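Look at the sequence and the model below. Then read on for a short tour, one part at a time.

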Amino acid sequence: MRIQLCKISLLVFVLAACVIVQAQETKVYFGLGGLYNSFQDTRHSDVQFSQTTVVPELGFSRVSEKNYWHANAYFFFFNYEFPNYDTITYSKLAYNVRVGYLRNLKPNFFVGFNWDVLDYYRISTDFLGNSADAYKLSSDFFVSGKYIWNFMENWQFNFGLDLGLFTFVNTEPSFGANYQQNIIDNGEVTFIDSDTKRPFDLGNMAFRPFWDQVNIRTLIELNFKRRLTLIYSWDLRTFSDNKNYPVTDARHLLTLRFNYINHLKNVE
Amino acid sequence: MKGLLKMSLIFFALSFSACEKIVMHPEPGTDNLSIFNEYANLCIDKYALAEVKGVDLVALADSLRPSVTDDLSEEALFDLMGLFVDRMQEGHTSLKTIDFEMSKSYYWFLGYPSAYNFLVARDKYYGNKANPELQIIAPEDDLFELWYGHLTQDPEIGYIRILSFDMTISDEQLETMMAYLKDSKGLIIDVRGNIGGFIELVGRLCGYFTTTEVKVGTNYIKNGPGINDFAATEMKLQPSGSAYTFTKPVAVLHDRVTFSSGSLFCLAMTALPNVTTIGQVYGGGTGEIVDGFLANGWLWNLSTSNFVDLQGRPTDPGIEADIPMIINPNDTETDAIIERAILELQ
């Protein structure tokens, strides 16, 4: 009996010793940021457009020693003026919804994937006819890296880098018409143009691997007492339907996040 | 290893930021030569009808460039660049300022005799006074109206007057119209003076005149800057599938002013076996159009495709009607082309 009890006790001790107690931090946040957007579509002009605006965002993150989950959504809207002729104005509406999962590789270092489920913009102007509207809707897949640096008590830096692997994209205009380039190239233009000019038509999306585009996102986060986060991110996307005619969209985003749910617990 | 990874991430996060200017093309200049070159390159790269119109835009640019100097006034530069518009000879192709103080277009209808007298057609055939029974589709926010019904000159012949395709007309309205006209022994569709609008309305309307998919022609659309960078699309009419599909004889009336979607309507209807066209060579403008701004804010339009009909003819210069006709502008009582169409359908 004593031997039995000893064996059971030993087993319980061994099992208990094998359980790793981890800290898991969950944040749900609201952020308000400033955006500086640079845009150039050389298919129609080399003129560079830029504008600043306010960007609200919502998000979630859950970080443990092994896993890093996150989700984020933001949108913005602004009017920008033609650089050399301010009578001409454009409006731009954009939004982005993304999720990601990274796995711990080394202490404080995570590697994984980020999926921009939807990245959309529409640019419109009343001063043009057939080319008055341009849009891009894409779903982008990135390989991601993140490093967490606890450099002082209550202060933490996060550094992140996302590199675009491939994208499914539906965008118009093309080089020479107000249809998507793949619609033109595949000879699928019709008299009923609304059949092909739908941004949310998944059937009209074109596959674009990383060697056909540059899609980069960098990220620097400064966390203070787990309640506030100051974050700077830079998104760059540049792609070409035709060599020497790239479309470039860059977004600098400086955001202050308030983590209104901030939950730290130990999990086994 | 850990340190290397950490430093790499920090390095990339910091060093990539704000690099977009490196991948962007330099901001274009707004001096005279830069503006001239920007427009010349646009025309050379995108204009799809250089061969059809017999113009060498590279040679034109090279011949004009020495005249572009810094002391050239804005008006003189505009006039010089307007020569591109003249030489491209296409009705959509234009160059203008936003305030329209300077504007250069090509008027495709100039020099042609008249094939349409609006007052005679309205007052003697389809207007309220001449034909009070005619129905009107008048979209609230649109400038134009569509008239349909039967002619008093022959009540068995239906008549549709479409002054523009720049109208929002629903499928239900088209269905109601075609139901109204279903018992006509023949139908006249008058698109004289129609300078275009929504291609989609053209497609939906034409679909009421065929029960099968019909090939109309081939649209060669510029898909790159090279001289041979075109992608071909076989353009087809799709049947509406309506119970009121009209397969009896149809006469389509067009004149030189009939342009853009107006011309595409004629082109599409010509592909149908029950259709006869009457009038004057239509105005063309059958290609795709793109527009944009030069760096100084001047607005440009260009035609970027070459629509070829079933006989292999470029349609942008216009195609002659099956029964070529013009009118006597001094005749204020009868529209000779409508009268000819009535005879054709009787």
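What percentage of the 346 residues in chain B do buried residues make up? They make up 53%. Buried means under 20% relative accessible area, exposed means over 50%, and partly exposed lies in between, all with a 1.4 Å probe and protein chains only.

## Ground rules

This is a predicted model, where local features need pLDDT of at least 70, side-chain atom pairs count only at pLDDT 80 or more, and totals for chains, interfaces and linings use all residues. Residues are numbered from 1 along each chain as its sequence is written, chains are lettered from A and ligands numbered from 1 in the order in which they are written, and side-chain values use heavy atoms, with hydrogens and water left out.

## Chain B in outline

Chain B has eleven helices and 14 strands. Helices (H or I, at least four residues) and strands (E, at least two) are DSSP runs, numbered from the N terminus. Along the principal axes, the C-alpha atoms of chain B fill a box of roughly 85 × 60 × 40 Å.

Now take the contacts in chain B with a separation of 6 or more. Residues 24 or more positions apart account for 71% of them. Contact means heavy atoms within 4.5 Å.

## Helices α3 and α5 of chain B

Two packed helices are described by the angle between their axes and the distance between the axes. Axes are lines fitted to C-alpha atoms, for helices over the stretch in contact, and angles run from 0 to 180 degrees between N-to-C directions. Helix α3(B) spans residues 32-46, and helix α5(B) spans residues 57-64. They pack at about 165 degrees, with axes 9 Å apart. The two helices are therefore roughly antiparallel. Angles under 35 degrees count as roughly parallel, over 145 as roughly antiparallel, 65 to 115 as roughly perpendicular and the rest as oblique. Their crossing is right-handed. A crossing is right-handed if the near helix is turned clockwise from the far one by less than a right angle, and left-handed if anticlockwise.

Which residues meet? From α3(B) come Phe36(B), Ala40(B), Cys43(B) and Ile44(B); from α5(B) come Leu57(B), Val58(B), Ala61(B) and Leu64(B). The contact has eight nonpolar residues, no polar and no charged ones. Ala, Val, Leu, Ile, Met, Phe, Trp, Tyr, Cys and Pro count as nonpolar, Asp, Glu, Lys and Arg as charged, and the others, Gly among them, as polar. Cys43(B) is buried, at 0% relative accessible area.

## Helices α8 and α9 of chain B

Helix α8(B) (residues 171-180) packs on helix α9(B) (residues 199-206) at about 40 degrees, with axes 11 Å apart. This crossing is right-handed. Asp171(B), Leu174(B) and Met177(B) of α8(B) touch Leu201(B), Arg204(B) and Leu205(B) of α9(B). Four of these contact residues are nonpolar, none is polar and two are charged.

Is α9(B) enclosed or open? Six of its eight residues are buried, so α9(B) is largely enclosed by the rest of the structure. The buried ones are Ile199(B), Leu201(B), Val202(B), Gly203(B), Leu205(B) and Cys206(B). They pack against β5 (154-162), α8, β8 (230-237) and α10 (261-270) of chain B.

A disulfide is a covalent bond between the sulfur atoms of two cysteines.

Ala177(A) sits in the loop between β7 (155-172) and α2 (181-185) of chain A. It is buried, with 0% relative accessibility. Neighbours within four places in sequence aside, Ala177(A) is in contact with Ile184(A), Ile221(B), Glu288(B), Val290(B) and Thr304(B). Pro173(A) lies in the loop between β7 and α2 as well. A cis peptide bond, with omega about 5 degrees, joins Glu172(A) and Pro173(A).

Most residues other than glycine have a negative phi, and most peptide bonds are trans. Asn244(A) has a positive phi of about 75 degrees. Asn244(A) is in the loop between β10 (228-240) and β11 (246-267) of chain A, and is exposed at 54% relative accessibility. Ser260(B) has a positive phi near 60 degrees. Ser260(B) lies in the loop between β9 (250-254) and α10 of chain B, and is buried at 11% relative accessibility.
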